[in-house]
Amino acid sequence: MKAKKINIWQAKFVLPAIKDSVKKLNPKMMIGNPVMFVVEIVTVITALIVCGDIIYGKKILFDLQISLWLWFTIIFANFAEALAEGQGRAQADSLKKNRGEAVAKRLLRNGSTENITALKLKKDDIILAEDGDTIPGDGEVITGTALIDESAITGESAPVIRESGGDRSGVTGGTRVLSGKIEVRITANPGESFLDQMINMVEGAKRQKTPNERALNVLLIGLTILFFVVVVTLKYFADYMGVSLAASVLIALLVCLMPTTIGGLLPAIGIAGMDRLLRYNFIAMSGRAVEASGDVDIVLMDKTGTITLGNRMATEFIPVDAKEAEELVNAALLSSLADDTPEGRSIVILAKEKLGMRGSNIRAPEGATFFPFTAETRMSGIDWDGRKIRKGSLEAIKEFVLAQGTQVDEGLQKIVDEVSAQGSTPLLVADGKKILGVIHLKDVLKEGISGRIGKLRQMGIKSVMITGDNPLTAATIAAEAGVDDFVAEAKPATKLELIRNYQAKGHLVAMIGDGTNDAPALAQADVAVAMNAGTQAAREAANIVDLDSNPTKLLDIVEIGKQILITRGALTTFSVANDVAKYFAIVPALLIIQYPQLQILDVMHLGSPASAVLSAVIFNAIIIPLLIPLALRGVRYKPSGVSALLRRNLMIYGVGGLILPFIGIKVIDIIISALKIV
């Protein structure tokens, strides 16, 4: 589904963010962001300097302005984080509306039911859900089939089928049964559902820093310590050279040289990235998985339910004799009226379309006797009006007609071979002694899967399809889907071993699956994406769950992961490049009076040493709020090679970060000089 956009610049988001920005000045909260914590400490020192100026009757205008703009620097950084958190709270509030006091029909051991509130349900309770009922909690269908409206959770209006015994047995609390009757085993205690995890994630209560974010924090702390040493050393150097440097000026220099821009925006980037993931209906069990998705270079996809719809669908009726085409369609329709399997339903739908009966409600004829499919007979059908209509495998239908003294037409084998050669399943239809033709059952690709796989290839990500099918069927589906490679006749152990082999060679592997047999491989993969409609075992083994159960959305996960990494890298590059310009603004201003030879470094020709320092401090403060939209939105990712991305990053955010401060500081200096405020 499309991401649900929220306009964060509304008063209901901005005003609370401003209030939270002041609350975050609490040192206990600030210490979580070491760079800005250091800025807060030195800013407090400037405030004390201003107080000292007042006490001793000194001029306070310059020191006061430095102190005020440093306070603004901290508040602007807090504002970025608070605004990102506000965006998350808005998402959480919309989700909480779906966590109402639903009533559950809990099944008792004697077969009766009792009505209780959803919050009293416990793991492993069995509940009954019928037409119109809201499913009270996350669970797995153990009996029955139902049409479910999941729009409250996924935003999609099209209902979906959930049934027991397959890879589409998972249901989510807050969804509604449109038709059908199912028994559901609850798989989560109150407060542990997917909905609760989503709310916790977006509210930031349990958001922990990812390895990349922690590594970047270490780098920023290192740079801060380095520049602190530089500034302290500069003080002693200036004293030795006979130059007097005020403490407020040295503090301004320290703050301007520190990576305050990225330090102020880093928390907002991480929070916004997780919010973005939620807007695409993913639940991330760990931030590590989201980041790892940005570095994935191999994707393993289970065929059934991931690349294909998961059930064979009737796509064509092939008569032995072209003159009997309509007779074949009628016979296939009659034999499938009582067949409630996905294949049987698809035959009825295709037959009605061929006969021009779209939308018609067809009932079984009176006096008919249906024969369900069994492993022994390997066929199903109907006896009606003296006719014996059967559909089934080649061997079963051959036995059926041979038992009635009829020979099999030689042309039939050719049709069967052609369908099998396409990796599809031939289903034969016989009416009494005559075989009418073949129903072509085919694994149908999920909509958009081939296009998405092509985009993965553009990103340099190799796609591998894994299936338990025979090599012929696997090769056909692989070619149609456009995957780079496939593994046929795979068992759960095969998938697990394949992932381990790729990882041993240094690859980062993503795995998509929805069945219990996918669980071991999902647990091993670096990025494990399970479909919410899949089995409980698959969801528990994964570190990302797709609420839409749409495997084509893997591309969204990869793009979000890359976007977070690229945004951090881009703004870090911009922040470091900024320091160069601020260096050229402040350092010459500090020493130029005593040493006119340093005039050559004053490339911006700033008005005075005081205006140069103040201009750099002001620019350092206002660049943070100007970059907030970019931090929250993320740097746009375009599929390309690593070298191309690096060049683009350096050209836009490296060169741009170098040039923009020169322009900005000069403009601010002109305004300050014109207003004569220093």
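1. Start with a strand pair. Strand β11 (residues 369-371) and β12 pair in the antiparallel sense over 3 bridges. Threonine 369 has aspartate 383, in β12, as its bridge partner. Keep in mind that this is a predicted model.

2. Now the other partner of this strand. β12 also pairs with strand β13 (residues 387-392), again in the antiparallel sense, over 6 bridges. Here glycine 381 is bridged to arginine 390 of β13. The hairpin of β12 and β13 has 2 residues between the strands. Look at aspartate 385 in this hairpin: its phi is positive, near 55°.

3. Next, the cores. In soluble globular proteins, nonpolar side chains tend to be buried together. The largest nonpolar core here has 111 residues. Ile307 and Leu590 have the most contacts inside it. Helix α20 (residues 554-591) gives the most to this core: 16 residues.

4. Leucine 590 deserves a look of its own. Which residues does leucine 590 touch, leaving out those up to four places away in sequence? They are Leu234, Val243, Leu245, Val249, Leu253 and Val613.

5. Helix α9 covers residues 260-279, which makes 20 residues. From first C-alpha to last, α9 reaches 29 Å, close to the 28 Å expected at 1.5 Å a residue. There is a bend of about 35° at leucine 266. A proline, proline 267, follows within four residues. Helix α9 is mostly covered, with 20 of its 20 residues buried. Just after α9, asparagine 281 has a positive phi of about 65°.

6. Helix α21 (residues 609-633) has 25 residues. Its reach from first C-alpha to last is 38 Å, close to the 36 Å expected at 1.5 Å a residue. Where does α21 bend? The bend, about 40°, is at leucine 627, and proline 629 follows within four residues. Why call α21 largely enclosed? Because 18 of its 25 residues are buried, the rest of the structure largely encloses α21. Glycine 634 follows α21, and its phi is positive, near 90°.

Key:
Residues numbered from 1 in each chain as written. Predicted model: local features only at pLDDT ≥ 70, side-chain atom pairs only at ≥ 80, totals over all residues. Heavy atoms only, no water. Expected span 1.5 Å × (residues − 1). Bend = angle between axes of the 7 residues up to and from the residue. Buried < 20%, exposed > 50% of the residue type's maximum accessible area, 1.4 Å probe, protein only. Core = buried A, V, L, I, M, F, W, Y, C linked by side-chain atoms within 4.5 Å. Contact = heavy atoms within 4.5 Å. Pairing = 2+ DSSP bridges.
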